[in-house]
Amino acid sequence: MRAGDRGEARGTWPRHLLGLADLEPGAIEQILETADAMRQVFDRPVKKFPTLRGRVVVNLFYEPSTRTRTSFELAAKALSADVVNVAVAQSSVVKGESLVDTARTYQALGADYLVVRHASAGVPHLLARTVQVRVLNAGDGAHEHPTQGLLDLYTIRRRKGRIAGLNVLIVGDVLHSRVARSDIWGLRKLGANVAVAGPSTLMPVGLETLGVRRFDRLDEALEWAEVVNVLRIQRERMQRGYLPSLREYRLRWGLTAQRLRRLPEDVLIMHPGPANVGVEIDEEVLVDRRSVVAEQVTNGVAVRMAVLYLMAGREGEAG
Amino acid sequence: MGQAMRAKAEIMDAQEMRRALSRMAHEILEQNPDPSSLAFIGVHRRGVPLADRLAQQVAAIEGRPTPPVGALDITLYRDDLTTVGPLPVVRRTEIDFDVNGRSIVLVDDVLYTGRTVRAALDAIIDLGRPARIQLAVLVDRGHRELPIRADFVGKVVPTARREHVEVRLAEVDGEDRVVILERLDGEDGQA
């Protein structure tokens, strides 16, 4: 079989997936196209491909997560890989040394992939520098959550047919959101217009340098938007003084049933989950037919399958 | 490919290809007395237009509706993903009929090592349980590495490993033609 005849391989693939900031637009496009083929697994009687038979994926989660971990687990299993789940007890200070030791242990146990979630930004990067295993960032602090960014891009493209030129609004706690960061990198690389809206205490500085517009009023932003991605608001932000009250947040920045009624027919409503119903988003909005929240979850498995597949190439071949 | 290749010989022109496919269509009907159970599955990428043509020929000969035709991508079933370097693009498999109980004719352009066919058989069986699967190829160039043979063959062409058989089809390449190319550095041409 010639690679050239059975599908033209394009370029080299990075050995690790650490963030969308470091991915070429072409590589992002390739993930989205591959995800399209992977999504077919759900329509088959045998919901598995034999592609990664004998490979071992270790989910190393230093922060609690059900959705992302399950999604990675199902994606790995749909490609016939073996999966080991490691939930490490949460600890406010995890010494760099013990982290690296843990990763080396799983490497010695035969892991081919390490899927890492950690409360500190840069942990996956540290591991990628120290072990030979392929590292996937499943969320590092407020830095990046690349597979969530990719599944958001995939969902938008699947529904809207394109990404370039679309007006995409991100609402909420952009400051603490790794999802927002990955979304912004990915959307900008593929040519979308990106804007944010939310309390000024929760807006990071320097967004303009990424070409991101900022709205001070949600209703004005909603008039502009063709896609609305609502971020999860974390209750502990109030205790730290970022927010006055959840009720006030809902009134000013919540995607309420009342605001929903003013939105156009073809708007796309997204949320990375799990939602605080009645705070950043209303139940009526979540179940509206313009909401693609459930589809995002399904697409997440397909996108993670695509990433696991594309990272499977020969040792030393990657860039 | 990318390596320097030299055209060595033309082994089929448009007319010969048309005749070969017409003969294969007749043979397929001979071996499948119940054409209503027939379905064709082409392997991406040149197997797909060939499957289309065979299905249309079968329909024309019998004066019946065209049997269903599907497109199969075997990438996720390959046995060489750890050695191919940059990974091949995964295309969509488009088989929108039920394979259960069907007589499937699997179609590819060139039969060489047999590894593509092995992958295709596994991929089809994951979709259901056909009554039988037969193999149709435009060119059988030898050098099998697995116990696989074709049921319907356009032309048997003895080749050397350093050679490469290139099937060019109007739907993909703008012309119907089969040529043998030879690698100038003497290494394996098609593997």
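Tutor: Helices (H or I, at least four residues) and strands (E, at least two) are DSSP runs, numbered from the N terminus. Ser80(A) lies in the loop between α3 and β2 of chain A. This is a predicted model, in which local features need pLDDT of at least 70, side-chain atom pairs count only at pLDDT 80 or more, and totals for chains, interfaces and linings use all residues. Residues are numbered from 1 along each chain as its sequence is written, while chains are lettered from A and ligands numbered from 1 in the order in which they are written.

Student: What makes Ser80(A) count as partly exposed?
Tutor: A residue is buried if 20 or more other C-beta atoms, placed from the backbone, lie within 10 Å of its own, exposed if 12 or fewer, and partly exposed in between. Ser80(A) has 15 C-beta neighbours inside 10 Å and therefore counts as partly exposed.

Student: What is the phi of Ser80(A)?
Tutor: Phi is positive, about 70°, although Ser80(A) is not a glycine. Most residues other than glycine have a negative phi.

Student: Why is His143(B) called partly exposed?
Tutor: His143(B) has 16 C-beta neighbours inside 10 Å, so the residue counts as partly exposed. His143(B) is placed in the loop between β5 (132–140) and β6 (152–156) of chain B, and its phi is near 65°.

Student: Why are α2(A) and α6(A) called roughly perpendicular?
Tutor: Angles under 35 degrees count as roughly parallel, over 145 as roughly antiparallel, 65 to 115 as roughly perpendicular and the rest as oblique. Helix α2 (residues 25–38) and helix α6 (residues 146–160) of chain A pack at about 65°, with their axes 10 Å apart; they are therefore roughly perpendicular to each other.

Student: How do α2(A) and α13(A) cross?
Tutor: Their axes come within 8 Å and cross at roughly 115°. That makes α2(A) roughly perpendicular to α13(A). The residues of this contact comprise ten nonpolar, two polar and no charged.

Student: Which residues does the cis peptide bond of chain A join?
Tutor: Gly273(A) and Pro274(A) are joined by a cis peptide bond, with omega about -10°.

Notes. Axes are lines fitted to C-alpha atoms, for helices over the stretch in contact, and angles run from 0 to 180 degrees between N-to-C directions. Ala, Val, Leu, Ile, Met, Phe, Trp, Tyr, Cys and Pro count as nonpolar, Asp, Glu, Lys and Arg as charged, and the others, Gly among them, as polar.
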